[in-house]
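Student: Hi! Could you walk me through this structure while I have it open?

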Amino acid sequence: LSRTRTRSVHPHVLRDPPLWQQVPDQLPLALMLTVVVRHRRVLLSRRAGYEGGKCIDAGDCSCEYAGQRYDVGDKYEKPDICQSCKCVGNGEEKCDDIKCDTKCKEDEIEVTVDGQCCSQCLANWVEAVNPKPEATVNEPLALTCKVTGVEVTADDIKWVQFAPEVDVSKPKRIYDISDDGLVLTIKSMNEKRVGNYKCVVTKDDVVSEGVFEVTLPIVHEDLIEPILETVQFIEGKDLVSR
């Protein structure tokens with residue numbers, strides 16, 4: 001090897017050649033420096049947990065979801081997409097849809113709840129809004145049912161006066177039912193229409209009821225308005241009223 005000079009892009013500026021060209025005996029030293037630099041880069045990459053884009057240290061290659069880190073083997077749920085996941089290493093996760101096992105009792109209905117991945121069981125999903133109304137003689141009285149959690153139509157609802165049980169959904173002369181089926185109106189109250197009523201709702205073969213106890217105010221005899229009568233009195237004879 002001979003000692004040479006290389007010319008810079010600037011015509012009047014000379015640049016020294018590399019060290020191994022100036023001093024051939026120092027060539028091994030230059031190669032050693034190159035190896036050391038490359039080794040340090042590898043070490044730094046390994047400390048970060050990756051080499052060549054792949055995870056080389058499972059402890060440093062955790063998973064992350066919603067700003068929280070999970071170690072390899074940790075399980076966690078993603079409720080926004082209804083998935084259950086497990087961190088499997090290398091920054092990767094294995095996810096499956098959340099499995100639901102909702103089992104309701106006979107009088108409960110299965111309903112969907114906003115923000116929940118699995119459906120819920122709902123009891124007492126039918127209720128009487130005015131369960132103990134006090135009616136007025138010869139005045140109309142409306143009984144109202146409320147249904148929660150599911151949508152129903154008038155065909156799902158039946159109105160009954162019970163003990164004994166009588167379907168009152170049909171007699172239009174005495175009763176009136178709203179278009180949605182949730183309101184029964186007794187057109188004119190009297191003693192014959194006092195008693196217990198219920199709206200019976202059937203949805204997906206599940207039945208629930210709202211019960212009403214209809215009464216009239218009690219009339220006390222001492223509150224009856226007196227009738228004015230004129231009495232003719234003749235001494236020695238019986239009283240005669242006019």
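**The open sheet**

Tutor: Happy to: an open sheet of four strands runs in the order β15-β14-β18-β19, with antiparallel pairing. Its edge strands, β15 (166-167) and β19 (206-214), each pair on one side only. Strands here are DSSP runs (E, at least two residues), numbered from the N terminus, and two of them pair if DSSP finds at least two bridges between them. This is a predicted model, where local features need pLDDT of at least 70, side-chain atom pairs count only at pLDDT 80 or more, and totals for chains, interfaces and linings use all residues. Residues are numbered from 1 along each chain as its sequence is written, and side-chain values use heavy atoms, leaving out hydrogens and water.

Student: How many bridges join β18 and β19?

Tutor: Strand β18 (residues 195-203) pairs with β19 over nine bridges, in the antiparallel sense. Val201 stands opposite Ser208 in β19.

Student: New topic: where is Ala142?

Tutor: Ala142 sits in strand β13 (residues 141-147).

Student: And is Ala142 buried, exposed or partly exposed?

Tutor: Partly exposed, because its relative accessibility is 35%; buried means under 20% relative accessible area and exposed over 50%, with partly exposed in between (1.4 Å probe, protein chains only).

Student: Which residues does Ala142 touch?

Tutor: Leaving aside residues up to four places away in sequence, Ala142 touches Asn130, Val183, Leu184 and Thr185, where contact means heavy atoms within 4.5 Å. Ala142 and Thr185 are 43 residues apart in sequence, yet their C-alpha atoms are 4.2 Å apart in space.
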